[in-house]
Every structure is written in structure tokens, then in C-alpha cells.
Amino acid sequence: MRFSRPHPLTLFLPTLLLGGAYAQAQPDVVTLETIVVTGNSDQSVFDTARPVTVLGADAIDENPGSNLGTLLESQPGVANAAFGAGVGRPVIRGMSGSRVKILQNGSDTADLSAMSSDHSPMAEPTAAEQVEIIYGPSTLLYGGGAIGGVVNVIDRRIHETIIPGLHGEAGTRYSTVDTGYQAEAIMDAASETWVLHLDGFRREADNYQASGGEEIENSDTEGSGGAIGLSWADGTNGFIGGSISTLSYDYAVPNPDDEFFRVKPDQIRYDLKGAWTPSSGWVESWRTELSFNDYEHDETGPRNDVVGAPEVAIGLFDQETYELTSKIRHMPLADWEGEFGVQVVRQDLALCHDHGGCDNIPSFSDDWDGNMGFDLANADSNGYLFAHDTPVPLTESTKTGAFVVERLDWGPGIVELGARIDHIRIAADPRSVDPIWRQDQSYYDDRTFTPLSLSAAHTWKLSDDQRLGLSLARVQRAPEVPEMYWNGDHHATFAFQLDNPDLGLETAWTLDLNWMMQTEKHQLRLAAYHYDFSDYIYNDLKAFQDPYHLNNVYRHEQGDARFTGGEVSWKYQLQDQWRTDLSADIVKARLTDGGNLPRTPPASLLAGIEWEPSKWHARIETRMVAEQTDTADNETRTDGYVMFNAKVGYETELGDSTLDLHMDLNNLTDQEAYNHVSYLKDAAPLAGRDVRLHARITF
């Protein structure tokens, strides 16, 4: 069901009129010196050995798109694994999938975005007040396997400290490239010790236009969500709070044949968090977080692939996730500060695949002799078995981990040591697979993995305004359920994914070097890294097509690999009202035995200049992305491009509230461009010239 779209003025006017209705403005100013890194002993960005980027509320509000990928892709070392306008999952240092962990307030978003590029991350930046990018292996506190890095979306749904009164914001935006609109609102009502939080948003957009006004069919999107939270905190003994949030997306999938296909993820999430800070003893704080995430999504298309037939759920994904994390930060022991804890995660995943429509997860009789099914045994093509039924058995994954991180400030620098061990058990049940398509019984035996990760980091204080950080790590990642078990069509990607149950642990030895300088006029960061992988898991594009639909065929393989690259970011205050910035990145990702890894981001450079008088803010920038010729087997090259963007904003006081108006002009020259990281780079080029209008009031 589609809603009639209001004229943009009807969205802006109510926001303008809210100005005098509330008291107590709250300016949102975030600087490098005061930002702390969640889960890392509250270190400032300037003191951590690992490269970190933090985006505040203003940067989030200026998101040039509508998802997490478009928000972060201009940051050094980050690319956007876009799948049309509806999906944007960050790629960090050339790594994607489960190697990039996406968190909400430090807990896993528990979606299926790491499984396939058409699945949207269920981390909505609209309600966020801060987004952190932690580059490199950051697995110790957040869970195993995040070798590429961590993206942590931080909102204030559960408050740990309380500011009494009524606070919030409301905003609207409109974009010309897709006739899109969005409206959102956030409110906190607090007493001395209690706070009630409410937030919500809705967005809708039509098919977007690429360069030259070409309309990209099947690229429209919708989204909505909201949350309610209640917290208690006294500022002395700790806090406790809970929240319930919902998030729904509905987006079409661009494709070369303009076939009608949609993905509709839906999530409800329950969070309970608390911390106790005793006044004496060896425990500084004891923090516990518990979450339950009920995630489901449909992949819809015409029944039995008949043009004009009713739309049905050809694919149904259902996942429930329980996560418990409990950690203790201890008082200094022989000058060492740190924390230790445990994390337990259980995920139950069920799928259905039926061209006639999936009303629920199928369940077949247990009366089975344990042998390979007749249809599967006769479905050999190019040496592989191609199934055409429910692509993944029922699975129950249990992950139990223990971790410790210790930190010593010894004058010349800061030393940090960490370790984590996990025990992972994956139990598979073939009840949802028709016996004629089943593997033999041993295929479904339990699989266990025990990854071990170790890290060491040192930050040298070269001077009052310079830091040098070096971090070394040995990190292991266990294969995920879809990497091992998926055998079947994936209609949203118009591809066939083959299983590989023989996958084992992936091990990476990593080195990160990070230099920062911060003076009155300069903020400069240089980072270089080298990751050496044993048994790296990558999704290999085969040279043949599947026998059912003649689509591309992928299979996860393992091989030794190396990632080498670097990033630079520099901000310089030219005068009181003028500043300039520059950032760039490059990564080379190759198999040790020869050949490039697929969808490696090309080198990029961003340069901008800003003018900020008292109430105005203006910026022009140029983003250059190089041609990508370092391609994997069967992968095509992608041309480079240059884009010009501009923005202008005005901020004023309305009584005790603050009104911010700004206009963004993206891709001013209507440059034709393609995203090499995207599976849909040819079917979904980047958007053409776009004008975006924003209004936000803070009270």
C-alpha cells in the first residue's frame, strides 16, 4: 500500500511552527577532544592506538542518502556495498560481511545483512546522536570476527545519565532525485532520576534518477520505525533502563531485466541495560546488557515468476537472537585499568523458498533414511550439486565468549593488552528441507569452532599535540551459517549461491600504525595497515551459470590473502570563518597465490572548503574515485569519476529553540558513476544531480 506524498512545504511548515512551543535549547557540538570511544575505557579519539572516526548529530543529519552506507562512504577507508537505494552496508578497508560488525549501542543489530548484499542493516541512523567507526580488529569487547572493523550506532533510547526537563528535536527533508521525503522526531522527558524517551521516523521515495535523467526501475524505497525507552539513573549508584524499538523497510531491487522484486525486512527489538557503580571495593562498575531481536523479512515477486501474477513471498527469512553481555571494570591494580566479561549469543535461523509463495517455514516428516535425496543426487552441474528447495536447513547457533582488556598509562605512552576466546556450536536440522533435496545425514552434524583472538597496542605521546599508535593482533573468525550451508537461488541478488560445509577457521595477523597531530589549527591523521590472512573466506564468482535460471553462481572458498592500505585525513583552520579538509584512502586486496579479491574498493580522495560566519554554514567539496582495474577472475573493471557537491545552511534561535535549515546539492555536474563495490553496479548506477532540503528544530 502506498501513501499519497505531501507537498514538501507541508512538511517544512509544521517544523517551523514548533519553534516557540518548547523551552531549553540544546546545541549539539562535538569536538575531537571530548568524544569518547564506547566500550574502550572511555578513551578520547586522540589517545587510542587504533584509528577511530566519530560522526556527531550534525554530520548524521546531513546524510546525503537514507541509509548507513551513504552516511559513512565519504569517510576514509569506508565504502558502501549499496544494493540500489534501499541498502547501504559499510565496507571497511576492503572487508565486508561479518568482518564488519554493525552495532546498536554496543550490541549486535542481529540482522541478516552480513548474509547477502541485498539485506539492509537494521541500524537506522535517524535517531542516532553519534556513530563510531573503529577500524581494524575490534573483536574483543563486541564479539569475534570483526577483523575489518566496527560501526557502532549510538542513540539515547536508554539514558545512563539524566538531564531534567523536556528535550528533543524534529526534522523533515526532501530530495529531488527520487521525489523523496522523510520526517522524524525525538523527545526526552526527564525528572531528576527518570527519563522517558520517544522517537520515530517515516520516509518514502520513488525510483531515483541516474545521470542524464535516466530513471532506475525498481529502486523505490519506504521505511518507518520508532522506539520507547524508560531509564532510571541517580548519578551515583548507576542506571537501569529498557527500550522497545521497531524498524521496517520495503525496497525494490534494480536488475538488468527490470524484473519486479522487493525485500521487506521487519524487526522488533527489546533491550534491557544496567550498570552498578559501587562506592568501594575493587569493582569500579559492573555492566550488564540483555537484548532479544525478532527479525523477519520477505523477498517478494510474482507467483511462479509469471508476469502479472499476484505478488507473493518467494523467500521468507526468520531469525531470533538472544544476546547477554556482562562485564566488570575493575579499580586500578598495580596501575593497570581494564575490564573483563562474558558474552552469550544464541541465534535461531529458519528459511523458506517457494515460487508459489511462503506462508510459513516448511516442516517435513522425520521419516527419512538419512541418504541423499533423489532430486539432489541428480542435480550435478559442473561438478557441484545445485539444490532447488529451501536453501538452508534450520540452524541453532550458540556463541559463548570470554574476554579481557587491560590498559596501562606509564607516562611515555599507553599500553593495551587484550584476549578473547569463543566457543561456537552450530546445530543444523533438515526438517525444513524436502527429503528429495536433502544431503546425507552427516552433512547436518553439529559443527564447533573455538576461535582465539589476541591483541596488543601501544600509544606513544610524541609531544603534547602528537600521538603515534601501533597495534598488533592475531584474530580468528569462524565461518557463518550461510557461508557453509546456503545452496539455492537468491532471487533478490539474481544469483545462485553454492554451499561449502568444509569451511574452517579464518586467521588474520594484523598490524596497524596510526599517527595523529592536533594543534590549534591542524587535525591530521595518517594510518597504514597490513593484514595477513590464512584461509580467508571469500565469495568466488564462478565461470558458469546455474542450471535453473542461468544466473551467476557464487561459492565461498578459502585461500591465503593479504590486505595492505592506508588512510589520511586532515583539517586545517585557514581563518576564523574558513577551514579546509582533505581525506584519502587506498587498499590492495590479493590472494597470496595470485589474483585480486572481488569488489575491492578503488582509491578515493575527498577535498572540501567550508565557510562558517555566525549563523551561516557553506561548503563545497570534490570527491574523486579512481578506476578499479585490480579485479578478480570473471569481474569487470569500473571507471573512475569526479563528483562536485555543495551545501549551505542557516541556524537561528526561535525563542528557546534552535532552527537549522540547509540545502545540499549533490553531483552538481550530473556525473555518470558506478560503485565498484556493489553487486548491482551495472544495473544501479549512482544517483544523478540531486537537491536536498532539510529543516531541523532542537528544543
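S285 touches W276, T277, K327, I328 and R329, leaving aside residues up to four places away in sequence; contact here means heavy atoms within 4.5 Å. The model is predicted: local features need pLDDT of at least 70, side-chain atom pairs count only at pLDDT 80 or more, and totals for chains, interfaces and linings use all residues. Residues are numbered from 1 along each chain as its sequence is written, and side-chain values use heavy atoms, with hydrogens and water left out.

S285 belongs to strand 14. Strands (E, at least two residues) and helices (H or I, at least four) are DSSP runs, numbered from the N terminus. The relative accessible area of S285 is 17%. This residue is therefore buried, a class defined as under 20% relative accessible area with a 1.4 Å probe and protein chains only.

Strand 14 (283–302) also gives two or more residues to the lining of the second largest pocket. A pocket is an open set of points on a 1 Å grid over the protein atoms alone, where a 1.4 Å probe fits, with protein on both sides within 12 Å along at least five of seven lines. The space in the second largest pocket is about 1000 Å³, a volume being the space filled by probe spheres set on the grid points. Its lining comprises 40 residues, each with an atom within 4 Å of a point. P256, T493, F494, A495 and N551 are the closest to the centre. Strand 24 (488–490), strand 27 (522–545) and strand 28 (552–573) likewise give two or more residues. Strand 27 supplies the largest share, four residues. By class, the lining holds 16 nonpolar, 14 polar and 10 charged residues. Asp, Glu, Lys and Arg count as charged; Ala, Val, Leu, Ile, Met, Phe, Trp, Tyr, Cys and Pro as nonpolar; the others, Gly among them, as polar.

Elsewhere, five strands form an open sheet of mixed pairing, in the order 1-6-7-4-5. Two strands pair if DSSP finds at least two bridges between them. Strand 1 (52–56) and strand 5 (107–108) are the edges; each has a single partner strand, so one side of each lacks a neighbour in the sheet. Strand 1 runs antiparallel to strand 6 (residues 130–135), and five bridges join them. V54 has E132 of strand 6 as its bridge partner.

Overall, the protein contains six helices and 34 strands. Its C-alpha trace spans about 75 × 65 × 50 Å along the principal axes. Buried residues make up 58% of the 699 residues. Of the contacts with a separation of 6 or more, 68% join residues 24 or more positions apart.

Note on methods
Buried means under 20% relative accessible area, exposed over 50%, partly exposed in between (1.4 Å probe, protein chains only).
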